[in-house]
Number of protein chains: 2
Amino acid sequence: MAATGLKKGGIYRHFGSKEELAAEAFDYAWSTARAMREPDVNQTVDPIGWLRAHIDNLVSRRSVIAGGCPILNTAIEADDGNLVLRARVARALRTWIARVEHVIGQARKMGKVRASTDPEMVATIIVSTLEGALMISRLEKNADALLKAQDHLNRYLDTLTS
Amino acid sequence: MAATGLKKGGIYRHFGSKEELAAEAFDYAWSTARAMREPDVNQTVDPIGWLRAHIDNLVSRRSVIAGGCPILNTAIEADDGNLVLRARVARALRTWIARVEHVIGQARKMGKVRASTDPEMVATIIVSTLEGALMISRLEKNADALLKAQDHLNRYLDTLTS
């Protein structure tokens with residue numbers, strides 16, 4: 001209401017419904033989070049460097065995004081009620097995993113990771129470990145779990161490249 | 001209300017407040033989840049077998065617990081409002097990580113993992129990966145991420161023992 005200068009009724013009229021408003025708010029938070037985590041590394045030249053920078057951005061820039069990871073925040077509350085929101089969160093998560101998977105596929109094509117590497121497996125593990133560590137760090141109010149996750153994932157990437 | 005036969009006012013009188021009721025509901029869900037995930041393996045004889053069985057219970061018995069992981073469900077909603085609930089969730093998470101850490105410590109004492117193994121690091125990675133995969137599997141409505149997490153963690157345990 002402060003941002004738009006509209007009254008509550010006016011906001012609902014604009015967005016059609018409370019559900020749609022929540023979905024638009026998610027999209028906005030998600031596009032901000034995604035931009036913050038985009039590495040300043042050319043993924044076609046150095047895909048593994050891109051992955052390490054992406055992980056580092058998630059760990060070190062988390063506090064810049066108000067409220068933390070939009071997927072983590074929205075995944076649970078959207079589960080039971082708001083189907084529009086639920087679909088947006090699931091699509092955002094899938095886009096994120098697919099992006100990481102694509103970069104690992106590039107690394108494999110360039111011979112920068114072993115030919116036996118499974119990009120979907122690696123992408124799922126990177127995203128799972130980071131999201132779980134984000135949850136723990138948030139509950140414990142310190143970066144400890146996230147720093148351990150980063151260390152673990154960097155070693156995991158080492159095992160793929162050697 | 002169905003379970004106790006009390007009216008809403010009676011339930012609140014019994015628990016003192018809505019916040020306390022939510023905290024008691026969490027404790028109940030948590031003790032059920034914990035019992036379901038307790039491996040049928042003697043941790044003092046085979047600590048690594050205990051860890052693998054614990055991971056397997058989390059992956060394969062998740063649907064038995066109504067609503068899924070109580071920590072994942074409660075971590076986000078408790079973050080802003082209910083301080084009593086927040087403290088219970090944080091304590092439950094810390095107890096879980098400490099339990100896993102203790103079993104890895106036993107494995108190290110028995111020479112079943114390398115002496116350089118850091119039990120707190122390993123416990124944090126196991127719990128992070130499982131919680132993140134639980135979130136993904138719930139959003140995607142399939143066990144895919146959890147099965148990948150289990151495979152990854154079993155290989156991770158292999159690297160500690162070899």
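Which residue just after helix 5 of chain B takes a positive phi? That residue is Gly111(B), with a phi of about 75°. The model is predicted.

**Helix 5 of chain B**
- Helix 5 of chain B runs over residues 83-109, which makes 27 residues.
- At 1.5 Å a residue, this helix should span 39 Å, and the 38 Å between its end C-alpha atoms agrees with that.
- The buried residues of helix 5 of chain B include Leu85(B), Arg88(B), Val89(B), Ala92(B) and Leu93(B).
- Also buried in this helix are Trp96(B), Val100(B), Val103(B), Ile104(B) and Ala107(B).

**Helix 2 of chain A**
- Helix 2 of chain A has 20 residues, 18-37, and its first and last C-alpha atoms are 29 Å apart, close to the expected 28 Å.
- Ala23(A), Phe26(A), Ala29(A), Trp30(A), Ala33(A) and Arg37(A) are buried in helix 2 of chain A.
- Those buried residues fall within an arc of 130° when seen down the helix axis, so they line one face of the helix.
- Tyr28(A), Ser31(A) and Ala35(A), on the other side of helix 2 of chain A, are exposed.

**Contact between chains A and B**
- Chain A gives 28 residues to the contact, and chain B gives 28 residues.
- On the side of chain A that touches chain B, two or more residues come from each of helix 4 (70-77), helix 5 (83-109), helix 6 (119-140) and helix 7 (144-161) of chain A.
- Helix 6 of chain A supplies the largest share of that side, with 15 residues.
- By type, that side of chain A holds 16 nonpolar, six polar and six charged residues.

Conventions: Residues are numbered from 1 along each chain as its sequence is written. Chains are lettered from A and ligands numbered from 1 in the order in which they are written. This is a predicted model: local features need pLDDT of at least 70, side-chain atom pairs count only at pLDDT 80 or more; totals for chains, interfaces and linings use all residues. Helices (H or I, at least four residues) and strands (E, at least two) are DSSP runs, numbered from the N terminus. The expected span of a helix is 1.5 Å times one less than its number of residues. A residue is buried if 20 or more other C-beta atoms lie within 10 Å of its own, exposed if 12 or fewer, and partly exposed in between; C-beta atoms are placed from the backbone. Two residues are in contact if their C-beta atoms, placed from the backbone, lie within 7 Å. Ala, Val, Leu, Ile, Met, Phe, Trp, Tyr, Cys and Pro count as nonpolar, Asp, Glu, Lys and Arg as charged, and the others, Gly among them, as polar. The arc is that of the directions from the helix axis to the C-beta atoms.
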